[in-house]
Amino acid sequence: MRWRTAIAFVLPALALYSVFIVYPLVSALADSFWTWEGTARTGFAGLDNFRSLFTQFPLNRQLRTAFWHTVIFFVGTMIVQNTFGLLIAVLLSERRFGKRFLQAAYALPYLIGALVVGYLWNLLLSPEFGPVNKAMSDVGLGSLTRAWLGDPSTALPVVILINAWHYIGFPILLFGAALAGLPQEYGDASRVDGANAWQRFRLITLPLLTPAIGLVSILTFISCFNAFELVYALSGTQGNQPTGPGGATDLLGLIFYRVAFQEGGENAIGQSSAIAALMFVLIFGVAVLANRYFRRREALLT
Amino acid sequence: MTAVSVEPEQAATPVPVPRRRTVRRSPGQRVAGGAAAVLLWGYLLVALVPLVVMVLDSFRSNTDVLSHPLGLPTSPSFDNYSFAWSQASFATYVQNSALVTVGAVVLDVGVSLPAAYALGRYAFRGGGVLTAYFLSGLMLPIRLGILPIFYLLGDFHMIDSRLGLILVYAASGIPFSVFILAAFFRGLPSEIEEAARIDGAGEFRIFLNVMLPLVRPAIATVVVFRFVPLWSDFFFPLVLLRTTSKYTLPVGLTQFFGEFQTNWSALFAGLVIATVPLVVLFVVASKQIVAGLTAGMSR
């Protein structure tokens, strides 16, 4: 293929991707270094926009809280969704009967969009009419019922559980495929050597799953730091107030949307671009570093 | 837990294990197997019951649902669906979602196929850099560019336009599509192509008539895998669309939930309408879904 022909083949995709994805991201980074009045660029700001994120009340407080909420959201999701997902995948891999059916059933919620999942659980968990509280009182747990999403102490944990319910099909399917691809001999050899089930899992299976665990962790990280729809539907948005009871479920993805489109201060573009730039560096940076780390772990194994 | 507490007792009074031709299992193993089954079938309920409640309640009357949220539909009716469909404009939302999603996937696959073909099968100057450039998009948090996207579409007079949404969606799918398709093109044998070349076919003919039919499985994976997130996306239409008549399902759903807060059975019907196309797709194409998920591992 001649060079000009090859470029002609690549050009449409290159143009579309560059104009609507790469240019906007680069331009958001650039915008963060300027001062804005509405949509007009008024002057070079240097790092002022970034500084204001950490000094301007109440934005600085809200950002710090949202950051830690997002970290808790990510860690909680890793623990609940991915370890439980791994456990289920391992148990499924040892079954012959019902394996495919169970796998498909677990993955069903994964197909549904986060907004629909949020609205569904919003109804299910409703304090007065919700089936969850109703079912709990029916079995004699009436004293434990509460406004799950309206109580600051339970709102974020409940969001984590719902998120895990939504996405658990992903680790189950992915770990399932990885487990099916493992060479049988290692397990057989260690069984002959007298290793028990836990030792076989801990010393043979787990290390061999490193690439799959790496991939799941990185994608979970990206999706948690981008999360928006689920909480939007679960907690509702109250204008420019932090999301959730007492701001208990305010995540970085929500605060970014709010500063860009709701709070609408004079310098909304500058500040929201600065938030975007920081989130970009955080998400992309961690994803790249984690990718490199897991690759090195993988290389050490072989 | 059960396995741990039961095992010593079992060990103290050894039960004669009947000889079986299959693999012999100790009592401990059998208890562990039982615990695993309880866990697996138990979690099945957790996964499905919320969805079952959603479907059942959508066929009941609202007074029923509000007084007994966990009941069965005694006299099932489609009233909630006809209400959502005609009076709450779900017909329009579904049409818009279908138009935008299908349009974006077609455009995405249409531009990604030739690009993936050139990048996957030929070594040319700049090819490696271009591949890396496309693949870097797999991990980009695209939403963070929403403000520049908004002003860019403004310059093209495409705010509140379904076409604008299609362009953004198609572009956002290119990294994944190129990644999957290029890997597939790379794996095709070169003999067929050489034969076609000897017969005097031009580059474009080879691509269109010889190569495209061979990558159909990969195209199916890409189509399924891009359809699902686009059908459910809420963030971009929330920012980019203004008029109710142009709303896609997720934005329409938000409007619906705001307007009919107390009409629960209708709300459930709305959720079912948004979900059904995805479930149908899953049933039809679960093979492609698993293929797309695991493709990420060979990255």
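Predicted model: local features only at pLDDT ≥ 70, side-chain atom pairs only at ≥ 80, totals over all residues.
Let's begin with chain A by itself. Chain A is built from 14 helices and 2 strands, and its C-alpha atoms fill a box of roughly 75 × 70 × 35 Å along the principal axes. Of its 302 residues, 43% count as buried. If you take the contacts in chain A between residues at least 6 apart in sequence, 71% of them join residues at least 24 apart.

Now bring in the partner chain. On the side of chain A, 64 residues are in contact with 69 residues of chain B. Helix α1 of chain A, residues 3–31, supplies the largest share of chain A's side, with 17 residues. By residue type, that side of chain A divides into 54 nonpolar, 7 polar and 3 charged residues.

Next, look inside. The largest nonpolar core holds 167 residues, and B:Val178 and B:Leu181 touch the most other members. Helix α8 of chain B, residues 162–186, gives the most to this core, with 16 residues. Leaving aside residues up to four places away in sequence, B:Val178 touches A:Ala13 as well as B:Ser112, B:Ala115, B:Ala116, B:Leu119 and B:Phe134.

Definitions and conventions:
Residues numbered from 1 in each chain as written. Chains lettered and ligands numbered in written order. Contact = placed C-beta atoms within 7 Å. Helix = DSSP H or I, 4+ residues; strand = E, 2+ residues; numbered from the N terminus. Nonpolar A, V, L, I, M, F, W, Y, C, P; charged D, E, K, R; others polar. Core = buried A, V, L, I, M, F, W, Y, C linked by C-beta atoms within 7 Å. Buried ≥ 20, exposed ≤ 12 C-beta atoms within 10 Å, placed from the backbone.
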